[in-house]
Amino acid sequence: MDRLVFLLSSGLARGAVLALFALSLVIVWRAARVVNFAQAAMAIAAVYVAFAITAASGSYWLGLIGGLATGALLGAAVEAGLMRRVPHTTPLPGMIVAIGLVMILQSGLSIAFGPQHRTMRPPFSERPFDLGGVPVLSPYELFVLVVAALVMGGLALLFNRTSLGLQLRASAFAPETSRLLGVRVPRMVTVGWMLSVATAALAALLLVPTELGLNPFAADLLFVNAFAVAVIGGLDSPAGALAAGIGVGILSSLVTGYVSASAAPLAVLAVLTAVLLLRPGGLVAAGKARSA
Amino acid sequence: MRTVLRAALLAALAIGATFALDPFRNFQLATAAGVFAAVAGLTVLVGLTGQLSLGHAVLMAAGGYGYAAASTAAAEAAPESAALVLTAGLAGAAAVSGALGLLLGLAAARLRGPYLAGLTLALVIALPSAANVLPLGGAQGLPAPFLPVPDALSRLIAVEQWHAWLAIGVAAVAVTPLAVLRSGRAGLRMRAVLGDETAARLSGVDPARTKTGAFVASAVPAGLGGAILAITTQQVAPGGYGLAFSLLLVVAAVVGGLGSLGGAALGSVLVVALPWLVDTLVDAVPSDLGQRLDGNFAVLLFGAVIIAVTVARPGGLAALGPRLRIRSRGRAAAPVSPTPDNATPSANTER
Amino acid sequence: MSTLTVERLTVGYGDGAPVLDGLDLEIADGGIVALLGANGAGKTTLLRALTGLVPARSGRVLLGGADLTGLPTEDRVRRGLALVPEGRGVVAELTVDENLLLGGLWRHRAAARRAAVEEMYDLFEPLARRRGAHGHSLSGGERQMLALARALVARPDVLLLDEPSLGLAPLVVAQLLGVLRETARRTGLTVLLAEQNVTGALSVADRGVVLSLGEAVADRPAAELAAEPALRHAYLGF
């Protein structure tokens, strides 16, 4: 029983990070109709910058802000400098270019920083609180949950309550109509990429201290799991990403705890396959899905 | 028939070429042949049906495991007959990779673009876990029996050259059906599905069956490619078939020109030879930097190359030949316009 | 002031023969101009080329003397050009209210935007009752109303309408055209109305332009056009 409570609570924190990363995939999918396979590599590049800033200034918070800004800049640069030039008649060229970008970023980071894992110190303790003899949630996990909730709430407000959000949504759903209403659609696509990569960078920043450490491939598994989450939730649905993220986080925590760590990726793969075969548009597909 | 003759001729040429190479080069050639079989399967899949698989390394691994298991069993039953061991192994490779390809193909029939790519990616990432959970020998993998040079040839050639011959033969057997398939009715059906699924359905082509079939047709050569690597290295382990290797297969297909078998051959040689060449050069750079460049610099180059190819020259290496010929034939003549810009009034994505 | 001028405009798709070939046209300030012509005459292509959705091979488009030719669609819109496309182009995932706000974003600051939207609710009663409804739940008539209202929120100088009557009940068409004429008169808005429904269009228009095979073959007062049987037979098919 104690073990179950512990696994559930740490699964919740793991799920929050997953949901955040999946949300970043949903944002860029909605903005540009691409699945950004380079999301993990771009996020990790931003984390390296955060790491360097923290090392130089001694402040975790400066590093956090720097990492987010780097993510946003990187998103803008990749969209305006690269993705905009890729033919969009089919999704294939965009995916291949993203894969090329993964190779460049990961090998570039390996060349610049070496392959070793760098330890990132979390800003709060990772020792779980003790609630009547039952270990639940460490202060760091609590921090992760709070940050994830704040960011998701903020993004929801941005998209649903501001005129920028209205333009972002309109450009995503109906680019031509939006242009006819004077919306600068190309700019909205860039903004979508900036928001998306900054969110992904935040998720990676939250994840790295709980893993082996920072190296160029540290977010690969996060990306694959988050992709599974985004697909399970429906690529178009932020709420679906949140729910599926928490669900998959708890599932992989339970499988890790009760079976083995190496069975967790298989469990995620099995859920992904089942959902794709039963409901190809995801669980929260809104009506008939737009064609990719 | 002409295709088969041409394949036999090319294979004979390649076997002749092994006499000009030293053992290490022959080992590289055998590796390139294994990669070629997989890339050929991948390039036909992507080029003709537009489905991107990031998981062909896993199909290769499946073939490798199938080969290792079946050939080991055959070697225990009939230790004397190398031909039987090889045949059983190849049949095992084709069966296992074909079965996995069928499963993926069933998924592929229902999925489009990014979903399939993501599923195959998840498969690659899950391979080490699968090797641990399933009876596949964990990170160590499975051993495959050593195939010695036949007595009749043992005075003539070294074992690396013999393995290169085997590799070339298996690759020819794996790729030739693809060439036949591509130029036949099945190829036409695949192109129809790529062009417009609804229109294809209206002309009596079943997109789901076509896509599933294409995936199986692409998986079996990949599995045989895995068998080739198992023959040359006498083992199959999950570490060799990770994401990096899977992406290299994509690189080879893209650089060679999607859909082109000749391009696949060039691309395979490139992804085998270039990293080795770069690493040899990098070894000349002393100290820490050289160590960091080792293995990474080639990947960096490949990444840049596939972006450049995709943005600037989607035909890849295969399209370079005809293009050069056109150029040299008449510079004064109007340049052949590359595919006209999609000028239809908005690819109506709005509901 | 906001005269729309088309100079030697040539537009085509792919490598094919041009749909519009060296078209010259001048739409004077104020009033409603009906753009008539059979299927394939180039009406929709002209409207899309005016807004920059289809690139022109050559020629110029001027609005009030300013050259729009090189500008992207969104900047042409911000210069005072509005298009209500055929098939209505309502953003199905947004509510009626959001669609209207979107239309006024570039023109108005927040408070004025709200006022402009409320003005549209006064003009189009049925929309006011469905503010919170999503685009995909609207009827055909409501969608056309919304598309028109959304274009008017931005107070354009020139409004381009592509087949607003397509697939709508006659009563709804009459109501829409009535609102259009009323608005044009009140605000001095210039309207270019592409229609296959010739009688309906000519009944509200001041002038009529007939397109045939990419050329303007007639440009006369609406009443004259309606009364000219030879022209009707030759180009409009009735």
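**Strand pairing in chain C**

Reply: C:L4 has C:L63 as its bridge partner in β4(C). This pair belongs to a predicted model, and the strands involved are β1(C) and β4 (residues 58-63) of chain C, which run antiparallel and are joined by 5 bridges. On β1 (residues 4-11) of chain C there is also a pairing with strand β2 (residues 20-27) of chain C, again antiparallel and with 5 bridges. There, C:L9 finds its bridge partner in C:L23 of β2(C). In a regular strand, side chains alternate between the two faces of the sheet.

Turning to the helices of chain B, the axes of α6 (residues 159-183) and α9 (residues 207-233) come within 9 Å and cross at roughly 180°. Angles over 145 degrees count as roughly antiparallel, and α6(B) and α9(B) are therefore roughly antiparallel to each other. From α6(B), the residues making the contact include B:H163, B:L166 and B:V170, while α9(B) contributes, among them, B:P221, B:G225 and B:I228. By class, the residues of this contact between α6(B) and α9(B) are 14 nonpolar, 3 polar and no charged.

Chain B also meets chain A: 43 residues of chain B are in contact with 42 residues of chain A. On the chain B side, the helices that each supply at least two residues are α4 (82-110), α5 (113-133), α10 (243-256), α12 (287-293) and α13 (296-312). The most is given by α5(B), with 15 residues. This side of chain B, which touches chain A, has 28 nonpolar, 11 polar and 4 charged residues.

Technical notes. Residues are numbered from 1 along each chain as its sequence is written. Chains are lettered from A and ligands numbered from 1 in the order in which they are written. This is a predicted model: local features need pLDDT of at least 70, side-chain atom pairs count only at pLDDT 80 or more; totals for chains, interfaces and linings use all residues. Two residues are in contact if their C-beta atoms, placed from the backbone, lie within 7 Å. Helices (H or I, at least four residues) and strands (E, at least two) are DSSP runs, numbered from the N terminus. Ala, Val, Leu, Ile, Met, Phe, Trp, Tyr, Cys and Pro count as nonpolar, Asp, Glu, Lys and Arg as charged, and the others, Gly among them, as polar. Two strands pair if DSSP finds at least two bridges between them. Axes are lines fitted to C-alpha atoms, for helices over the stretch in contact, and angles run from 0 to 180 degrees between N-to-C directions. Angles under 35 degrees count as roughly parallel, over 145 as roughly antiparallel, 65 to 115 as roughly perpendicular and the rest as oblique.
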